[in-house]
Amino acid sequence: MAKDTMPQSGRPRTRKSRPNGQGAADSDQPALHGARLNDENTLDEVTLDTIEYTPISATVTEVEATDPDVAATLEFDEPVAAIDDLAATSEMLPARSPRPTLRQRIARLSWESWTYIAIFSIAAISRFWGLADKPLHHDESLHAYFSLQFLLNPSGYLYDPLLHGPFQFHIIPLFYILGHLVALGLAAIAALLLHVPLLQGPADFFQNLAVSAGLNDGGANDFTVRLLPTLLGLAMVPMPCLIRDRIGRYGALAMSALFTVSPSFVYFSRFTRDDIYVTCFTLLMVAGALCYARTRKLRWLLVVVASLVLSYTAMENTFFIIAIFGSFLLGAVLWDLGPALGRRLPRLFLERDQPLAGRVLLLAPFLIVMGVAALIGLHKLSILSTTINTMAAAHSGAGDPLNPDNIVAGYEQKAVAILLVISIVIALLVIVRLLFQGMAVTESAFAEGTDLARSSLKRRSDPQTQPVWDALLGTHWIRWFMAFVLAWVIFAAFFWKLPANIFDLTEWGQGFQQGIGRGLLQGIYYWLEQQHVARGGQPWYYYAILLLMYEPLILVFGLAGIVRAILQPTRFRIFLVYWFATTLLLYSWAGEKMPWLVIHIVLPLIALAGVSFEWIFATLLREGRAWWQPTRVLVVLGGVLVVAAIATTSVALTMGLTIALSIAAIIALGSAGLLEQWARRRDVQHALGDEMAAAPQWAFPLRQYLAAGCLMLACALLIPTLWNTQRLVYDEPSVAPNEMLVYVQTTVDVQKVMDKINLLDQQLYHGQHKLTIGVTGEMAWPFAWYLHSYPNVYYQYTASQNGVQPDVIIADVDGASQNTTAVFGTLYSGKQYPLRWWWDESYKLPACSPTKTSQCDSKGPEWNTGVGPLEWITYGAYPPAACNNPTKAKCDPLNAPLNGALAAQRYWNWLWLRQNISGVQHPGSTDFVFFVHSSLLGVTQP
């Protein structure tokens, strides 16, 4: 290492003066404050700009003459001041200001910070309010149960893509433990209060609170299991603050507000599935990348890498994120390299056109190749999915070498070996590099925001015109190595199968081989299997329907954001458009389509809506000082009246008040227009009369009228958005038949049955969970979760005279319940309940779509799967009789006779009254029968 970059230990040196622009304070930077004593021995506030330092005049020779011992231990590059002068100067150095108190920090908060705090507070209430009211969905019960099993037996867990990634199974148990500790603390408080006279009421309150927190179930309950998605969903609300320099101050605030009110984000932030984890990590990944590009601080690079790996440990659709972000990053690099190529072209273009020519020559082939590769790749993936399922059906034996599971297991071992070889090679290269440098790792590799050693390629990059290329080349190799190590640690921590005996090294090795191998390949393998299965069976326009129904505010202004991004493009805006478009296309193409996947599409759409709101608020506030004038006041009043008219129509359904408000709005807006014309004429008269005093400028620019109109539209669309959130999340604990965003939701009858079971156990066994319970067939979920604290549960129970006769039986409607009645006769009394129910799916395309050339005469029965989207929104599940004949071309679902008035009325009735669009009151459900032993009927009825 060069002598001037690494001083020897114990040999202090003076800092060399740096030229202007390299360490010198910029003129627009705030001065550093300090303090010094004045003549009255009081502190005066000073700045570095006002401090006068003693000029440096002494040389090393003078110091040697003064004190040779001191000079022997010093190494100087420049003359230094005499010791006395240095002591005198030190009194004038700025003193470190004391840390501000909490009150001072609060007083310094800006209006923007207070706005974020207010939005975050509202979001917290919306996420936690009634969090445990809704019974766990089928998928939630699986995640909750296996998280509990991981807590009880960590060595028994092995990554299974059927349940998605291991992230939540490792983290949710921590909330079980936390809930139990809180419950124990509350119970202790209740016990103490019982010994204090007149505090029986507070003691009961804390005791009930302890039971709710998980005193009787070890902290594992519906509330604690939903804490992880709730907290990560809540963490997304203030996150737009990190990208405010790219999207704008008002755009970032708008994004936070939209995360707070979005029906899909509020609902799935209270839903124990992996999608909210992935969206949180995705947003953090984008914010971290932008912060790193701006600051070059190491922590942001690590945030990006950690977010990507954590997203993969949560869910396999991270492959989509890698494909989307990776392709855009490659395109951005080519865009940055375009000007360099343009300058090397023959002089066929003008100098000003050379950068564009170079970019076109690089990007055009790239886009063509990427498009062709995407089409071929997606087609090959579909073929591969079909092949896997065909082979699995033909070779289902566990020992069959042609079984796809066995083939993939062999690939897993090879993948682990390849990964280990790559890791070892990288580690050896790092060691060799450090040894070659004499272990002199420069501090700049770890410094925050410093300009690192520039390679020859780095010197040729321009941070202004080539920011992406410059950021990639400007990242020191040690930082890339640290990011690689962090990714390895996170990946191994979540996928490594833990051994039953922690002292057995063989088990550790086998767990590494098995867990890491499955983590590398099982996700993509399972996705290929399910691509052919097409779980959900939804049409390609499925997500468009969800957005139109639930997210009108975000959809309208997100599309407006696309328009602004195209008209006023920046790198970040183009990225948002690309992110949204590719996400929508990929999820619409993918075979599995579920409602919870819609938040991956809504996420970039919210960012695009932030782009729109940034323009709206910036335009309106630019002339904010003039808003007190009559024209502005009347426009605002008219807008408020319009919104009020819409609100009264939708909520109160009072047409008289709606008409009155509408007339008042017309009068207000009309008066604003008349005042505007009068003001303009007065301006003209003042100009012609050459009067000294200028007339009041009441003219309202067209762009501000447009911005005001957009804001009023946003207020109008906010009403159905909030209404959707309220009905979807809070109005009823289980509303699947009327909510398309809810998918086969568990009914509240499951909670009612659990209340009966708990009552029986309390009456018979004093709440010790000794009740014997039989559960048949498919009823295991979600009852395996709700009965996890009952040890005497017989799953896959079959009624038999010689077998166990449980206290209660939960049986399937078909088969099991009939068998129970046939075997036991009147020994058990039963009642049927719906286990889970769902939304009617008549919006789907028919299995055979008749056209003028294809009438599908021989496939009439297959038309029962749906009626098509246009007929569904117009007529519901029952189109006119004339359309029942599939041979008529006018009933082609792609050209269905759309009646706008009927469609609007049907949508309106669903939006405000929650009348099912299909016209079906009870579309479908899976039921169960709850049997109670005849000897217990005096305690509770089934």
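Let me begin with a term: a patch is made of residues with over 30% relative accessible area and no salt bridge, like charges being joined within 9 Å and nonpolar side chains (Val, Leu, Ile, Met, Phe, Trp, Tyr) within 5 Å. A salt bridge, in turn, is a side-chain nitrogen of Lys or Arg within 4 Å of a carboxyl oxygen of Asp or Glu. Accessible areas come from the Shrake-Rupley method with a 1.4 Å probe, and for residues only the protein chains shown count as cover.

The model before you is predicted, and local features need pLDDT of at least 70, side-chain atom pairs count only at pLDDT 80 or more, while totals for chains, interfaces and linings use all residues. Residues are numbered from 1 along each chain as its sequence is written, and side-chain values use heavy atoms, with hydrogens and water left out.

Of its 942 residues, 44% count as buried. Here buried means under 20% relative accessible area, exposed means over 50%, and partly exposed lies in between, with a 1.4 Å probe and protein chains only. Among contacts with a separation of 6 or more, 74% are between residues 24 or more positions apart, a contact meaning heavy atoms within 4.5 Å.

Which residues make the nonpolar surface patch of about 550 Å²? They are Leu151, Leu152, Leu174, Ile177, Leu181 and Leu184. Two elements, helix 6 (138–152) and helix 7 (167–194), each give two or more residues to this patch. Helix 7 provides the largest share, with four residues. Leu151 belongs to helix 6 and counts as partly exposed, at 30% relative accessibility.

Next, the sheet. Strands of a sheet pair through backbone hydrogen bonds, either parallel or antiparallel. In this model, six strands form an open sheet in the order 3-7-8-6-4-5, with mixed pairing. Strand 3 (745–746) and strand 5 (793–795) stand at the edges with a single partner strand each, so one side of each has no neighbour in the sheet. Two strands are said to pair if DSSP finds at least two bridges between them. Strand 7 (residues 828–837) and strand 8 (residues 925–933) are antiparallel and share nine bridges. Across this pair, Lys831 stands opposite Phe930, and Gln832 stands opposite Val929. Strand 3 also pairs with strand 7 in the antiparallel sense, over two bridges, and there Thr746 stands opposite Arg836.

Which strands does helix 30 (residues 749–765) lie across? Helix 30 lies across strand 3, strand 4 (773–775), strand 6 (808–812), strand 7 and strand 8, and runs at about 15° to strand 8. Helix 32 (residues 816–824) also packs on the sheet, where it touches strand 6, strand 7 and strand 8, and its direction makes about 135° with that of strand 6. For these angles, axes are lines fitted to C-alpha atoms, for helices over the stretch in contact, and the values run from 0 to 180 degrees between N-to-C directions.

Is helix 23 (residues 542–550) largely enclosed or largely open? Seven of its nine residues are buried, so helix 23 is largely enclosed by the rest of the structure. Among the buried residues are Tyr542, Ile545 and Met549. Glu112, in helix 5 (residues 111–128), is buried too, with a relative accessible area of 8%. Leaving aside residues up to four places away in sequence, Glu112 touches Arg244, Arg249 and Leu253.

Finally, the backbone. Most residues other than glycine have a negative phi, and most peptide bonds are trans. Arg296, which is not a glycine, has a positive phi of about 60°. Arg296 lies in the loop between helix 14 (275–295) and helix 15 (298–314), and is buried at 18% relative accessible area. Gln796 likewise has a positive phi, of about 55°. Gln796 sits in the loop between strand 5 and strand 6 and is exposed, with a relative accessible area of 56%. A cis peptide bond joins Trp781 and Pro782, with omega about 10°, and Pro782 is found in helix 31 (residues 780–786).
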